[in-house]
Amino acid sequence: MTQKTISTSIVRLRLLIASLLLLVMTVASAQQPAATLNWKDADIRQVVEAVSAVTGKNIILDPRVTGRVTLLSPTPLGPDELYEAFLSILQVHGYVAIENENLVKVVPDATARQMPTQIGTSGTAGPDDLTTQVVRVQNVGATQLVSLLRPLLPQYGHLVAHSGSNMLIISDRAANVARVVSIIRRIDQASDEEIEVVSLQHASAGEIVRIMTALTATPRADGAPVTTSLVADARTNSVLIGGDKSERLRLRTLIAHLDTPLEDGGDTQVRYLRYADAEDLATKLQQHFTGQAQAAAGGQAGAGAPLTEVSVWADTQTNALIFNAPPKMMRSAMQIIDKLDIRRAQVLVEAIIVEVIIDKQNELGVSVAVEGSGSNTPIGVTNFPDFLAGVVQLGSAAGGGTVDPSGLIGEGLTVGIGRISESGVSFAAILAAVEGDADTNLISTPSIVTTDNEEATLNVGQEVPFVSGSFSNAGGNTGTVNPFTTVNREQIGVKLAITPQINEGDSMVLDISQEISSIAQSAAGAVDLITNKRTVDTTVIVDDGEILVLGGLLEDVLRESDQRIPVLGRIPLLGNLFRSRKTEKLKTNLMIFIRPTILRDATQTAFETNQKYNLIRSVQQGQQGTDVQLMPGETRPMLPPIETYQRPKTPEEDDQ
């Protein structure tokens, strides 16, 4: 046996004895002192076996893990300390332990980055555990740090920057990752944390911040993020600047250049309005600033109050306001205009009027007339179905006149019998039977668009003449007065008046006045036309796009009439010759609904307009293809596509 073989056997024996001692100490008691390990030129696989036996961890070795290990420990090591020493041994020899649940994989450093590792350093078992850390950089460009930090990582380490989120991804051992993160935190600092306050004398702080923010939003050439921040304080008309000292100096210089008086009028400025009325707004602004000046002077107009410092007048042709005021009041006026000169919401109101009428009428009656011999006056008449005018003609017929059949024949079934003679007795009897059914189904949907808090009215109908008075010269006076008749015209149809008030959210208050009028179908017994009128005056609250019932009428009428000659009309069977009966049943269903829709912007307005426009156009399209009567070759009129009337928006409209 050679000396080398003897030495190897002794080392293995020592390793086995040390492993057994550590195992006994771990099982027996955690309070017992740990053994002192002295490994010299030991096989790394045998060291792995000893560590697995002492710590109880399942360790898987990569076939490429080989080498000799030397560990000299003057103090005893417990299981945790032994595992940390084991990780250090692996790092020295170019290996890494990747722990996943109850398994520990020992692989070369070159392939470690491809293995799943711990995220962050807080959950690692030791400083030599492999981990991955994501670091967000706040003030410095992440791409700039890659070249600075790459030498601090070993060859197997991983460092990459994500410029979109300005983050760094670091993969290495926990101790080195923590060191690199500490270095990043020291570098990721603003060069100067001071905040500067720049007071303005002439310009508006809000306008200056808007201009400077657009300027600083441009990406830098070196890829670094822009760290400068600007905030406007409207109360003191100041701009707060934060960021790098050199950037603050540059911005302060630009603000000083912009904060200068106007070259063409000093404290005079012209403001063009987009939505508000210049004349109305000028009056209100002048009253506002005059009231402020009087309040500052103690409420006495003769106390030297600066009432002439502010002058506001309107140019109606351009809808513009011309101001002449000190800078402070000028800024206050501009802020007021910014709040008032806005696009007001509009409301599309659709009224839905539904009326269903069912009218049934039955009538049965007999009229009899008897005329005496040689006389033009009847001596006996019954006039139940209103044929008296025709029956009276019997007298004229008996006297040699003629009979007009239109006065005898009415609606429905008319049967007449009789005898007409110049001498003797003439008589006539007419039987009339009528049955009528009338159904009316009307749906009217008037719609109107108005601005918030503005009244709008809609009238759709006809002018109908009504006789209000007359004068005739029937008395035989010989004066020069001519007969005349006075006529008043009244509108019959649909009237809608509405004032909307949009509340916070999607509800609105509607002040509504609705009137529906029409000419009655039957005006029997009236000296002139009879009109039906239905009126609703109310104030309601309704949500956007919802349908609300305003009111209505449900009416069911039954009328029965029985007219007869006393005594004769009650004779069984024969009494029907002296009797007239009439039954009428009328059922009316009337409901009025309202549906408002808020049009907050141009898109909603265009949508509702296109919908109504295309509805009318589709009706006209359905009529196309048929020739115009008596005009061959002519085409029916039709609306063009709505795109024909649309125009490109201006840059100002695109900014809305």
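This is a predicted model: local features need pLDDT of at least 70, side-chain atom pairs count only at pLDDT 80 or more; totals for chains, interfaces and linings use all residues.

## The pair α8 and α9

The axes of α8 (residues 278–296) and α9 (residues 327–340) come within 12 Å and cross at roughly 135 degrees, and the crossing in which α8 passes α9 is right-handed.

On the α8 side the contact is formed by L281, L285, H288 and F289, and on the α9 side by M329, S332, A333, I336, I337 and L340. Sorted by class, the residues of this contact comprise eight nonpolar and two polar, with no charged residue.

## The pair α2 and α3

The axes of helix α2 (residues 44–55) and helix α3 (residues 79–92) come within 10 Å and cross at roughly 155 degrees. That angle lies over 145 degrees, so α2 is roughly antiparallel to α3. The crossing of α2 past α3 is left-handed.

From α2, the residues I44, V47, V48, V51, V54 and T55 take part in the contact, while α3 contributes P79, L82, Y83, F86 and L90. Ten of the residues in this contact are nonpolar, one is polar and none is charged.

## The pair α6 and α7

Helix α6 (residues 205–216) packs with helix α7 (residues 245–258) at an angle of about 140 degrees, their axes being 11 Å apart, and α6 is therefore oblique to α7. As α6 passes α7, the crossing is right-handed.

Here I208, M212, L215 and T216 of α6 meet R250, L251, L254, I255 and L258 of α7, and by class this contact holds seven nonpolar residues, one polar residue and one charged residue.

## Nonpolar cores

The largest nonpolar core contains 23 residues, and those with the most contacts inside it are L510, I512, L550 and I594. At least two residues of this core are supplied by each of the strands β16 (346–371), β22 (484–502), β23 (507–519), β24 (531–543) and β26 (579–599). When neighbours within four places in sequence are left aside, L550 is in contact with I512, V536, T538, V540, I592, F593 and I594.

A second, separate core has 22 residues, among them V47, V51, I89 and L90. Of these, V47 and V51 of α2 and L90 of α3 also belong to the contact between those helices.

Notes: Residues are numbered from 1 along each chain as its sequence is written. Side-chain values use heavy atoms; hydrogens and water are left out. Axes are lines fitted to C-alpha atoms, for helices over the stretch in contact, and angles run from 0 to 180 degrees between N-to-C directions. Helices (H or I, at least four residues) and strands (E, at least two) are DSSP runs, numbered from the N terminus. A crossing is left-handed if the near helix is turned anticlockwise from the far one by less than a right angle, and right-handed if clockwise. Contact means heavy atoms within 4.5 Å. Ala, Val, Leu, Ile, Met, Phe, Trp, Tyr, Cys and Pro count as nonpolar, Asp, Glu, Lys and Arg as charged, and the others, Gly among them, as polar. A nonpolar core is a set of buried Ala, Val, Leu, Ile, Met, Phe, Trp, Tyr and Cys residues joined through side-chain atoms within 4.5 Å. Buried means under 20% relative accessible area, exposed over 50%, partly exposed in between (1.4 Å probe, protein chains only). Angles under 35 degrees count as roughly parallel, over 145 as roughly antiparallel, 65 to 115 as roughly perpendicular and the rest as oblique.
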